[in-house]
Amino acid sequence: SLPDCRRAYEHGQIDALGATVIEVLQIRDHSRRSPQIVRVIDYSNGADVILAQPSFPNAASLRGARVGVELASLGVYVLSRGLEKNGLALSDIRTVSVDQTSMEDAFRKGELDAVVTYPPTSVKLLRDNKVKPLFSTSEIPGEVIDVIAVEETLNTQNPEQVSKMLSAFDRAVAYAKEHPVEAYAIMAAREGITPAEFAEALSDGVRMVSEAEQAAYFQADGKLKSVVDTSDRILRLDGQIKGADRRAGAVNAGFVPRKP
């Protein structure tokens, strides 16, 4: 889960991770480590959702509800924005800390009134008609961005290694685009869903960011800066970030693919 990745990074067990801008800011706030965003993978356009028991007709009805969320990850951000859009705040609900691996079971047992989730958990829950979708990132397109972040010292001291890792990632993305049947079968098996469900989640809820689009994100006043600033604001309002402003240096444009 994302909190697992974040904790491993904060403890120095890993030097790079795939996460969202939210985790990057949280790591920089909660530890002495300095992850830098070196690549934008995609942005969520409906993949991250708030799902509820059928007795809850809309997000505004969640007042007082038990909402399962990964407290140390983007889940709090998605929940906060979903509530904000419907006139509520985090203080209006009862947040329950639960990771994605336990969320489906707790929801089906009725221990939770709603959950903040994403594929594959969301795909599995939506297989039956007893789940009510209340909010998705399609209502805040471009705000939740998946990125690759690498520790600053590694970027500085061994940039060749970072470049090789990103090159391997780019080749994997290219292979998936050229051979979707084979690639989706591999990834779907890893996530415990069918290739068709994987393809649907990727096409309906996620927008991949190509190599050619990277430069627009990494410009001084580009899309990435806007997302970092908005994420920092929301996380501070919710008390998820409390320390000094560490946005400076969170983005490293040194690995942006060059035009041929």
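A: Let's start with a definition: a residue counts as buried when its relative accessible area is under 20%. Keep in mind that this is a predicted model.

Q: How many helices and strands does the chain have?

A: The chain has eleven helices and nine strands. Its radius of gyration is 18 Å, close to the 18 Å from the globule rule for 260 residues, so the chain is as compact as a globular protein of that length. Along the principal axes, the C-alpha trace spans about 55 × 45 × 30 Å.

Q: How far apart are the mean positions of the positive and negative charges?

A: There are 31 positive and 36 negative charges in the chain, and their mean positions are 2 Å apart.

Q: How many aromatic pairs does a search of the whole structure find?

A: One. Planes under 30 degrees apart would be stacked and over 60 edge-to-face. The ring centres of Tyr184 and Phe198 are 5.4 Å apart with planes at 50°, so this pair is tilted. Tyr184 sits in helix H8 and Phe198 in helix H9, 14 residues apart.

Q: And are Tyr184 and Phe198 buried or exposed?

A: Both Tyr184 and Phe198 are buried.

Technical notes. Residues are numbered from 1 along each chain as its sequence is written. This is a predicted model: local features need pLDDT of at least 70, side-chain atom pairs count only at pLDDT 80 or more; totals for chains, interfaces and linings use all residues. Side-chain values use heavy atoms; hydrogens and water are left out. Helices (H or I, at least four residues) and strands (E, at least two) are DSSP runs, numbered from the N terminus. The radius of gyration is taken over C-alpha atoms; the globule rule is 2.2 Å times the number of residues to the power 0.38. Lys and Arg count as positive and Asp and Glu as negative; His and the chain ends are not counted. The place of a charge is taken as NZ of Lys, CZ of Arg, CG of Asp or CD of Glu. Rings of Phe, Tyr and Trp (its six-membered ring) pair if their centres lie within 6.5 Å; planes under 30 degrees apart count as stacked, over 60 as edge-to-face and the rest as tilted. Buried means under 20% relative accessible area, exposed over 50%, partly exposed in between (1.4 Å probe, protein chains only).
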